[in-house]
Amino acid sequence: MNDTTRNDTLAPISYEAEPYRIKAVEPIKRLTVEQRKGAIEQAGYNPVLLKSEDVYLDFFTDSGTGAMSDRQWAALMMGDEAYAGSRNFYRLENTVRRYYGYRHVVPAHQGRGAENIMSKMLIKQGDFVPGNMYFPSTRLHQELAGGTFVDIIVDEAHDAQAPGLFKGNVDIAKLSALIERVGAERIPYISLGATVNMAGGQPISMANMRAVRTLAQQHGIRVVLDACRSVENAYFVQQREEGYASKSIAEILLEMCSLTDACTMSGKKDALVNIGGWLALNEASLYEQASNLVLVYEGLHTYGGMAGRDMEAMAVGIEESVQQEHIQARVKQVEYFGHRLAACGVPVILPVGGHAVYLDAKRFLDHVPLEEFPAQRLAVELYLASGIRSVERGTLSAGRNVTTGEPNRPTLELVRLAIPRRVYTQSHFDFAVEAIASVHRRRKELRGLRLTHEPKFLRFFQARFELL
Ligand SMILES: *Cc1c(COP(=O)(O)O)cnc(C)c1O
């Protein structure tokens, strides 16, 4: 099967029944329209600043928002809260070794803690770090360490309407050109995302990872995996790539990791916990550096900012994450949501990615100029109309160039509806589809936003606006 030739016609819209039943419930409520107006105004028209209690369906992120299983809750009781050498660390270390395959494991409080250490350890002032599209915290740590991020993803990834089964792939020609231009010695590593969050949760193929690996090896460059959603990526490889249909998710995940030298991981994604992360690698000398640096920024190398009980729950989460029933229901739930929206004529990125549905705000609000933050405006309207929280992924999130201070100009202007793992049911998605479709029908009434407060780092988290 070719990466780009198969047509992305929508599969029949069906819902994969959940492979679990509900044992504890958390009540949620929907405010009145008037209350929502007050809440979003107080939040400076930035859904990030809303109180969670004022939100009905929270699609802000799939990060740390999943439901733990009964086995994970039971694991919390098995915490060994010793400062040093907790048995939960060794359980976690063994589990990461078994499912991700790296030799050494360093825990961190969450993904960005691991990114900080990886970046500080590998990047020197003036280096270049190529990656298949940026992720805000990953790029920021690369820049703070003195590096310059260079996007080497395939062009289709920047086109919300382009078909393609592996829109997260690296463009090997772009990578070669960069090596040619700056020299391999100024490229400490290639940063590979799988799946690619900012491209809409699009996967990278095994064949492409192998090609990156081959080129990297020829030039003595390391490959570092951003492993947050690599289980979701493994599912897409199983479903879409020739030769993988009969392989298990665990086998595919191990093969993906074997094509890289190290990874950073946020346990808040695939690993089904509310907080936690790690970095993992194979080289003994790097492990020595990492386990020393973690002491400065996170905690001793056998806890890295996590309680013992949290490491135990994460180890169980890793085991659950690679179960076929789990990952299949997970990805298909996201697909159901996206395909139903598309069937209502709402512009969404297709094919639908692994963890989120992305609305194409450039098409949704094609009358609102980019300077007026159409995606942010759309996210505000979804909250006003229905109590749904989503997040902007476009002009606002792209931030500014660190040297010139000019706003970065991404080609994609998206609203992300990220789906927490094992949290919502089919009727929640049906409600959301109807709400979004009704905003779409009256889209021409909407005007843009003006930025009134802009923080220095990761501005999308704390920016404030007014309605135009
Ligand atoms: C969430 C995420 C991170 C950072 O992880 P945190 O746990 O939020 O610090 C890095 N990369 C990607 C792709 C992510 O989605």
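1. Ligand surroundings. A residue is near a molecule or strand if one of its heavy atoms lies within 4 Å of it. In this predicted model, 14 residues surround the ligand. R112, D226, R229, S266 and K269 are the closest. The model is a prediction, in which local features need pLDDT of at least 70 and side-chain atom pairs count only at pLDDT 80 or more, while totals for chains, interfaces and linings use all residues. Residues are numbered from 1 along each chain as its sequence is written, and side-chain values use heavy atoms, with hydrogens and water left out.

2. Atoms facing the ligand. D226 has a polar side-chain atom 2.7 Å from a nitrogen atom of the ligand. N197 has a polar side-chain atom 3.2 Å from a ligand oxygen atom. From G111 it is a backbone N or O atom that lies 2.8 Å from an oxygen atom of the ligand. The ligand has 370 Å² of accessible area on its own, and the protein covers 95% of that area. Accessible areas come from the Shrake-Rupley method with a 1.4 Å probe; for residues, only the protein chains shown count as cover.

3. Salt bridges in total. A salt bridge here is a side-chain nitrogen of Lys or Arg within 4 Å of a carboxyl oxygen of Asp or Glu. The structure holds 33 of these salt bridges. D62, R229, E232, D270, R330 and R421 are linked in a network of salt bridges. R229 is also listed among the closest residues to the ligand.

4. Helices (H or I, at least four residues) and strands (E, at least two) are DSSP runs, numbered from the N terminus. E143 forms a salt bridge with R139, and their closest N and O atoms are 3.8 Å apart. Both residues belong to helix α5 (residues 136-144), where they are four residues apart, about one turn of the helix. For accessibility, buried means under 20% relative accessible area, exposed over 50%, and partly exposed in between (1.4 Å probe, protein chains only). R139 counts as buried because its relative accessibility is 15%, and E143 counts as partly exposed at 24%.

5. A salt bridge between a loop and a helix. The closest N and O atoms of D155 and K174 are 2.8 Å apart, and the two residues form a salt bridge. D155 lies in the loop between β4 (148-151) and α6 (172-182) and K174 lies in helix α6, so the pair ties together parts that are 19 residues apart in sequence. D155 is exposed, with 52% relative accessible area. K174 is partly exposed at 27%.

6. A salt bridge between distant parts of the chain. E283 forms a salt bridge with R222, with the closest N and O atoms 2.9 Å apart. The pair links distant parts of the chain, 61 residues apart: E283 is in the loop between β8 (277-281) and α10, and R222 is in strand β6 (residues 222-226). E283 is partly exposed, with a relative accessible area of 27%. R222 is partly exposed as well, at 25%.

7. The loop between α1 and β1. N46 is in the loop between α1 (33-42) and β1 (57-58), and N46 counts as buried because its relative accessibility is 1%. The side chain of N46 makes a polar contact with the side chain of Q376, at 3.4 Å. A polar contact is a pair of N or O atoms within 3.5 Å; within protein, one must be able to donate a hydrogen and the other to accept it, and residues adjacent in sequence count only if both atoms are side-chain atoms. Leaving aside neighbours within four places in sequence, N46 is in contact (heavy atoms within 4.5 Å) with I40, Q376, F460, F461, Q462 and A463. Y45 is in the loop between α1 and β1 and has a positive phi of about 55° although it is not a glycine. Y45 is buried, at 12% relative accessible area.

8. Backbone points to check by eye. M133, a residue other than glycine, has a positive phi near 75°. M133 is found in the loop between β3 (128-131) and α5 and is buried at 10% relative accessible area. The peptide bond from A194 to T195 is cis, with omega near -10°, and T195 lies in the loop between β5 (189-193) and α7 (206-219). The peptide bond from L350 to P351 is cis, with omega near -10°, and P351 is placed in the loop between α12 (324-343) and β9 (356-360).
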